[in-house]
Amino acid sequence: DWTMGNYCKSTVARLREEIGPRGRVLLALSGGVDSSVLAALLAEAIGDRLTCVFVDHGLMRKHEGDEVESAFSKWKVRFVRVNAEERFLSKLAGVEDPQEKRHIIGAEFGYVFRDEAEQFGITDQDFLAQGTIYPDVIESGKGDADVIKSHHNRLLPPEVVARFKGVLEPLDLLFKDEVRALGRELGLPEYLVMRQPFPGPGLAIRIIGAVTKEKADTLREADAIYREEIAKTGEDKNLSQYFAVLTNSRSVGVMGDGRTYDYTLALRAVTTSDFMTADWARIPYEVLDKISVRLVNEVKGINRIVYDITSKPPATIEWE
Ligand code: XMP
């Protein structure tokens, strides 16, 4: 009968079979729940024939790149970090359309894996693995008509796919809560299993309009303050996901005796179990007030804070 323990064992067996006795795997690792669980699953299946590659696209949250690196350098798996900020920012320069951003980022991840694979000893007889989960597949759709938004891991260019013997996505039938249960089965620590999701395209889809390094820095700072306050008040236990969005709207404000004309920052927080539908979270006003005061005082370039009170549907969780 079906238990997570049995599912885990049979998936490990199936992966060993598919990868073969000498096959190697390059895992696209973001440090999030899905790819971390997949890292543990693949480590179980093939041990040191696994190489986890973390591509830092410069659109991670504050300190996140270093945190991922220090977390994984404690694991027994081989971990490499590739700094690709310039590569991603130059490809994204001037791009405003959300789907176009997603396509560029998804493809660029693929090109980085293709370009770097050889130096990690990955041949064309080896595999690329991604932590794609079921909602990524569903929301990315099959034809253009069904697309809600293309998740970054559905966008590998054909020439990238052709570089490898195959692409492994063993979590592609699981929902988020099942991925978490699988992570626990594999012995991952609770803080890792319960991390809130962070989308592969990162801050690029939380900066409305064209992405610049300056805007990414502003949003990184604001998002860090938001998360710090939420954690401090213990509200994080009530939330499935929460983050800040840098809108492309500027409005007039007054600071001291001076006029300001700065950006509006939106705060988003939702509760959900499957991320396919979600409710906006009823964060206490006092908590929102403290966050708002800190943000306008501490983050340059922001003079107005709004709170997103739309559920999914009709909105989605991310703004792009
Ligand atoms: P939406 O915005 O579609 O998000 O309601 C649902 C969940 O998916 C995350 N998300 C992504 N995760 N790659 C990912 O790995 C992506 O391209 C992507 N887009 C959205 C989002 O953060 C939320 O948890």
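Colleague: Which residues does Ser35 touch, leaving out those up to four places away in sequence?
Modeller: This is a predicted model, to start with. In it, Ser35 touches Leu27, Ala28, Leu29, Ser30 and Gly131.

Colleague: And where is Ser35?
Modeller: In helix α2.

Colleague: Is Ser35 buried or exposed?
Modeller: Buried, because 23 other C-beta atoms lie within 10 Å. The cut-off for buried is 20 or more.

Colleague: What about Ser30, where is that found?
Modeller: Ser30 is in the loop between β1 (25–28) and α2. Ser30 counts as buried because it has 25 C-beta neighbours inside 10 Å. With residues up to four places away in sequence left out, Ser30 touches Ser35, Phe54 and Gly200.

Colleague: Which residues does UniProt list for "binding site"?
Modeller: The unreviewed UniProt entry lists Ser30, Gly31, Gly32, Val33, Asp34, Ser35 and Ser36.

Colleague: Now the ligand. How many residues surround it, and which are the closest?
Modeller: 14 residues surround the ligand. The closest are Pro197, Pro199, Thr316, Ile317 and Glu318. The shell divides into 5 nonpolar, 5 polar and 4 charged residues.

Colleague: Switching to helices. At what angle do α1 and α2 pack?
Modeller: About 65°, with the axes 9 Å apart. Helix α1 covers residues 4–19 and helix α2 residues 33–46. Their crossing is right-handed.

Colleague: Which residues make the contact?
Modeller: From α1, Thr11, Val12, Leu15, Arg16 and Ile19. From α2, Leu41, Leu42, Glu44, Ala45 and Ile46. The residues of this contact divide into 7 nonpolar, 1 polar and 2 charged.

Key:
Residues numbered from 1 in each chain as written. Predicted model: local features only at pLDDT ≥ 70, side-chain atom pairs only at ≥ 80, totals over all residues. Near = placed C-beta within 6 Å. Nonpolar A, V, L, I, M, F, W, Y, C, P; charged D, E, K, R; others polar. Axes fitted to C-alpha atoms, helices over the stretch in contact; angles between N-to-C directions. Helix = DSSP H or I, 4+ residues; strand = E, 2+ residues; numbered from the N terminus. Left-handed = near helix turned anticlockwise from the far one by under 90°. Contact = placed C-beta atoms within 7 Å. UniProt positions renumbered as here; feature names shortened; annotations may be inferred. Buried ≥ 20, exposed ≤ 12 C-beta atoms within 10 Å, placed from the backbone.
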